Amino acid sequence: MTKMNMQEIIDEWDKDCGIDTSRLDTEAADIPSLHNKYMKIWHEERVRYLGMNTSMRKFLVNKRRFYLGDMDRDELDTLGWEYDGSLKAIKSNVDKYIERDDEVIERQQTMEFQEQKNKFIEGILKSINNRSYAIGHAIAFQKFTHQGLE
């Protein structure tokens with residue numbers, strides 16, 4: 001499965017979320033495949049988030065070492081970071097530097113967006129799980145309204 005951006009997931013759900021009341025039997029039969037489709041998407045996005053989380057933890061360790069001046073030239077070159085030696089934070093202040101670091105902020109925003117995407121997909125899955133109840137209520141309503149016509 002390829003990576004989907006938020007808009008692609010929204011567009012896909014827009015196509016899938018409706019229930020055709022003239023085909024309730026087919027709609028009910030389609031629930032497992034619809035659930036499977038969005039479980040696969042959720043799984044891919046969840047794995048992506050977990051990878052980002054692991055990467056972020058390692059990144060923060062490196063940023064801490066960077067601001068404390070604990071990295072050698074080879075490590076800095078490998079990471080592509082410049083350090084002129086003029087800044088060396090004390091341990092009690094290092095978190096302030098990390099919180100204001102542009103790369104950290106950018107990565108945190110990316111992770112927060114990924115988390116929101118995961119929550120959106122989880123909401124879709126909850127909706128799909130409740131779909132059989134909605135279809136059951138629609139069938140009951142149709143029976144009720146058609147009884148009065150006979």
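Modeller: The secondary structure of the protein chain comprises 6 helices and 0 strands, where helices (H or I, at least four residues) and strands (E, at least two) are DSSP runs numbered from the N terminus. This is a predicted model, in which local features need pLDDT of at least 70 and side-chain atom pairs count only at pLDDT 80 or more, while totals for chains, interfaces and linings use all residues. Residues are numbered from 1 along each chain as its sequence is written, and side-chain values use heavy atoms, with hydrogens and water left out.

Biologist: In what order do the elements of the protein chain run from the N terminus on?

Modeller: The chain holds 6 helices and 0 strands. Read from the N terminus on, the order is therefore α-α-α-α-α-α.

Biologist: Is the protein chain spread out or compact, judged by its radius of gyration against the globule rule?

Modeller: The radius of gyration is taken over C-alpha atoms, and the globule rule is 2.2 Å times the number of residues to the power 0.38. Along the principal axes, the C-alpha atoms fill a box of roughly 90 × 30 × 20 Å. For 150 residues the rule gives 15 Å, and the radius of gyration is 25 Å, well over that value, so the chain is more spread out than a compact globule.

Biologist: What percentage of contacts between residues at least 6 apart in sequence join residues at least 24 apart?

Modeller: A contact means heavy atoms within 4.5 Å. Among contacts in the protein chain between residues at least 6 apart in sequence, the share that joins residues at least 24 apart is 72%.

Biologist: How are α1 and α3 oriented to each other, parallel or antiparallel?

Modeller: Two packed helices are described by the angle between their axes and the distance between the axes. Axes are lines fitted to C-alpha atoms, for helices over the stretch in contact, and angles run from 0 to 180 degrees between N-to-C directions. The axes of α1 (residues 6-16) and α3 (residues 31-68) come within 12 Å and cross at roughly 175°. Angles under 35 degrees count as roughly parallel, over 145 as roughly antiparallel, 65 to 115 as roughly perpendicular and the rest as oblique, so α1 and α3 are roughly antiparallel.

Biologist: Which residues make the contact of α1 with α3, and how do they divide by class?

Modeller: From α1 the contact draws on Ile9, Glu12, Trp13 and Asp16, and from α3 on Leu34, Lys37, Tyr38 and Ile41. Ala, Val, Leu, Ile, Met, Phe, Trp, Tyr, Cys and Pro count as nonpolar, Asp, Glu, Lys and Arg as charged, and the others, Gly among them, as polar. The residues of this contact therefore divide into 5 nonpolar, no polar and 3 charged.

Biologist: Is Ile41 buried or exposed?

Modeller: Buried means under 20% relative accessible area, exposed over 50%, and partly exposed in between (1.4 Å probe, protein chains only). Ile41 lies in α3, whose buried residues also include Leu34, Tyr38 and Glu45. Its relative accessibility is 4%, so Ile41 is buried.

Biologist: Which residues does Gln114 touch, beyond those up to four places away in sequence?

Modeller: Gln114 is placed in α6 (residues 102-147). With a relative accessible area of 4%, Gln114 is buried. Beyond residues up to four places away in sequence, Gln114 touches Glu45, Arg48, Tyr49 and Met52.

Biologist: Which residues is Asn118 in contact with, leaving aside its neighbours within four places in sequence?

Modeller: Asn118 is likewise found in α6, and its relative accessibility of 4% makes it buried. Leaving aside neighbours within four places in sequence, Asn118 is in contact with Trp42, Glu45, Arg46 and Tyr49.

Biologist: Is Glu99 buried or exposed?

Modeller: Glu99 is placed in α5 (residues 94-100). Its relative accessible area is 56%, so Glu99 is exposed.
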